[in-house]
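Let's take a walk through a protein structure together. Have a look at the chain below, and then we'll go through it piece by piece.

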Amino acid sequence: MDGAEAVQDAITLMNSGNVGPELRGSSRPDGETPGMRKVLRLIEQVAPVDSNVLILGESGTGKEMVARYIHELSPRAARPFVPVNCGAIPTELLESELFGHEKGAFTGALTARVGRFEFAQSGTLFLDEIGDMSLQMQVKLLRVLQERSFERVGSNRTVHVNTRILAATHRDLEAAIKAGTFREDLYYRLNVFPIQIPPLRERLGDLPLLIEDLLAGARKPGLSPLRFSREAVECLMQCHWPGNVRELSNLIERLGILFPKQEVEARDLPDRYRCPQPVREAAPEPDPAQWPEGGMDLKGHMSGVELQLIQKALVQADGTVAGAARLLHMRRTTLVEKLRKYRLSY
């Protein structure tokens, strides 16, 4: 089965509603592309082990979903999974949020409070956007990772924790280390087992499955189910998706409001998601008048035509090899061989 057939089968399955339960009600990330198969394989390998995991990827790629799935497959699955967005909590409040505080520890501390580390006792603590944590908090976190103990704010009593740490960031931490904004020792403490999530533009073959999964999860009050035509899905597969899966989720919710209980056609998509040209455009018939009297070098002529089409596909795909391969209806590896043949950079 080639890539086009696989996409058609996924679209047919998506529109039929006969999707297995493994795509619903679970934190398992969906994906059949090589990049996502690698991610799933790494998750299955590290989940049973209590190692720290650093999940890397652009914003909106589903880093928290990966963390939840690691927790679900781990021996700690029956215990709490506690997420903390380190970038959303002010620095002066993050210490109390993570470690808790005693009554009267600071202005406004009217009662004692348990921190997220204690909430996650025997479970998993997910530190999202760890790259946004201040250097002061990085020092305190490093101590907890080393000693598995801490004190609440305003207390001198040591609390011991048995908590697995999963961290995630969209930032380049190695560049942050060079810039002096992230501690190298903390990086290596967290980066025991890195998992890199590919952006959506590099796994567009998964888009039909992602749409079905998001449709299944978008059961909000007043939001009616909808379907996508093949042409609409093909248009979406030509998009760049800077916001990744989160952007796709927002688009589906928007279309669900605009076209309740309908099939979304390509013309219904917002302008930025419409195809720049018809998905299938008939090739122009050759002009017999251009046939030279003395014949022609067919092999050389075909190579020239092939080179021009490859160059046009690369321009339309914003320079991405995978995108150009989809436009040319060929495998990415085949296109890479042709790029080498014509000495084109990629």
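Before we start, here's a word we'll need: two residues are in contact when they have heavy atoms within 4.5 Å of each other. Also keep in mind that what you're looking at is a predicted model.

Let's begin with Asn244, which sits in helix 11, covering residues 244–258. Is Asn244 buried or exposed? Its relative accessible area is 0%, so Asn244 is buried. Who are its partners? If you skip the neighbours within four places in sequence, Asn244 is in contact with Glu58, Ser59, Gly60, Thr61, Pro199 and Leu200. With one of these, Glu58, the Asn244 side chain makes a polar contact, side chain to side chain, at 3.2 Å. The Asn244 side chain also reaches the backbone nitrogen of Leu200, at 2.9 Å.

Now for the greasy parts. In soluble globular proteins, nonpolar side chains tend to be buried together. Here, the largest nonpolar core has 31 residues, and the members that touch the most others are Leu98, Phe117, Leu127 and Ile130. Several elements give two or more residues to this core, including strand 1 (53–56), strand 2 (81–85), helix 4 (91–99) and strand 5 (124–128). Which element gives the largest share? That's helix 6, with five residues. Zoom in on Leu98 and, leaving out neighbours within four places in sequence, you'll find it in contact with Val84, Gly115, Arg116, Phe117, Leu127, Met133 and Met137. There's also a second, separate core of 27 residues, with Leu204, Leu236, Val245 and Ile252 among them.

Finally, let's go looking for cysteines. How many disulfides are there? The count comes to one. The disulfide joins Cys235 to Cys275, with the sulfurs 1.9 Å apart. The torsion about the S-S bond of Cys235 and Cys275 is about -125°, so this disulfide is left-handed. The pair links distant parts of the chain: Cys235 belongs to helix 10 (residues 230–236), while Cys275 is in the loop between strand 11 (263–264) and helix 12 (298–316), 40 residues away. Cys235 counts as buried because its relative accessibility is 3%, and Cys275 is buried too, at 17%.

Cys239 counts as buried, with 11% relative accessibility.

Note on methods. Residues numbered from 1 in each chain as written. Predicted model: local features only at pLDDT ≥ 70, side-chain atom pairs only at ≥ 80, totals over all residues. Heavy atoms only, no water. Helix = DSSP H or I, 4+ residues; strand = E, 2+ residues; numbered from the N terminus. Buried < 20%, exposed > 50% of the residue type's maximum accessible area, 1.4 Å probe, protein only. Polar contact = N/O pair within 3.5 Å; in protein donor to acceptor, adjacent residues only side chain to side chain. Core = buried A, V, L, I, M, F, W, Y, C linked by side-chain atoms within 4.5 Å. Disulfide = S-S within 2.5 Å.
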